[in-house]
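Work through the exercises below with the sequence and the model in view. Try each task before reading its solution.

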Amino acid sequence: MAEEDDELLGERLLFLPDRHVRYFQRSLQALPEQCATLETSRLTIAFFALSGLDMLDSLHVLNKDEIIEWIYSLQVLPTEEKSNLSRCGFRGSSCLGLPFNPSKGHGIYHPYDSGHIAMTYTALCSLLILGDDLSLVNKDACLAGLRALQLPDGSFCAVPEGSENDMRFVYCASCICYILNDWSGMDVEKTIEYIRRSMTYENALGQGAGLEAHGGSTFCGIASLCLMGKLEDVFSERELNRIKRWCILRQQNGFQGRPNKPVDTCYSFWVGATLRLLNIFKYTNFEKNRNFILSTQDRLIGGFAKWPDSHPDALHAYFGICGLSLMGESGINEIHPALNVSLKTYKHLQQLHEAWKSKNCEKSSNHPQH
Ligand SMILES: [Zn+2]
């Protein structure tokens, strides 16, 4: 009996990359009926699948050009008279019934058409993952749309009509500015103030001031500050030590998002990546973390669930793989913990930034200031 158990455990702990590749391929094509409500945020599902395939070095299974064209068709472009600049960015899917338009031309005005901050963030990441150079992104319009979403307290709404405003969208905004290499998309000082005010008596970050400390919002706040290059300016060493302590205490076997909550696969990334950004991930117990993540792997259809013996979903499938990547699992690419894309994709972005810089230099030397 004991031998059988050992065998079963051995089998359960095998990482099965091929199954996950097929799982992500399917997520890009057809989803089960229960996922119909996710239609308006289809781009985020696409991001989980694309970044998952990138982490598994398997983007060759895709028709990249077709997906790039689809993503560009979701860009909310400025109209000829630029009357909708505050509504620009990317929308989540084509379900609004607007005509297919992957071009860089003028947008068509529609009273209910606008971008969504999480869709703009995942659209830009997905384009980078697919090797695109972002040349068809209307950067100025994206930045204008982003500025319109910032509230006086420094936080961001998701859509110009108004919505929840919290640390998730602060992170999306920081990623957008980082990718476009232009922080004029936000008032950085106000954003930093918002992050600081979200520090709780437990010594980690909540979704906003006065709210409970949470592994997800702590990642969003700390990663945003890292992307700004401001982490050490904003928090003192003593404060950072306290945040480290809160984060490291979230490990049970896997990681939990808050004290007294059950562990969940995605926190192996949210808390794990935060610990990596704070340079102490190496002090966590890799074996226990890995065993928990792999106990949530669906060995039949691929993907990961939040808990063992539950149904897998695209988000947990992706973050399960990211959690394993942080521990150097073989067969998985390295991850950039702050931008949440593979290191390979991050390097592609660095090259784009270099190219934009030299283009700008050329421009300014061709057109000397009067
Ligand atoms: Zn989760």
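**Exercise 1.** Find the handedness of the crossing of α9 and α11, then list the residues that make the contact.

*Solution.* Start with the helices, which are DSSP runs (H or I, at least four residues) numbered from the N terminus, as strands are (E, at least two). Helix α9 covers residues 215-228 and helix α11 residues 237-248. Their axes, lines fitted to C-alpha atoms over the stretch in contact, with angles from 0 to 180 degrees between N-to-C directions, come within 11 Å and cross at roughly 140°. The crossing is left-handed, meaning that the near helix is turned anticlockwise from the far one by less than a right angle. Gly215, Thr218 and Ile222 of α9 meet Ile243, Trp246 and Cys247 of α11, where contact means heavy atoms within 4.5 Å.

The model is predicted: local features need pLDDT of at least 70, side-chain atom pairs count only at pLDDT 80 or more, and totals for chains, interfaces and linings use all residues. Residues are numbered from 1 along each chain as its sequence is written, and side-chain values use heavy atoms, leaving out hydrogens and water.

**Exercise 2.** Decide whether lysine 82 is buried or exposed, and locate it.

*Solution.* Lysine 82 sits in the loop between β1 (75-76) and β2 (89-90). Because its relative accessibility is 53%, lysine 82 counts as exposed (over 50%; buried is under 20%, partly exposed in between; 1.4 Å probe, protein chains only). Its C-alpha atom is separated by 49 Å from that of glycine 254, 172 residues apart along the chain.

**Exercise 3.** Name residues that isoleucine 117 touches.

*Solution.* Leaving out residues up to four places away in sequence, the partners of isoleucine 117 include Leu146, Phe156, Phe169 and Ile176.
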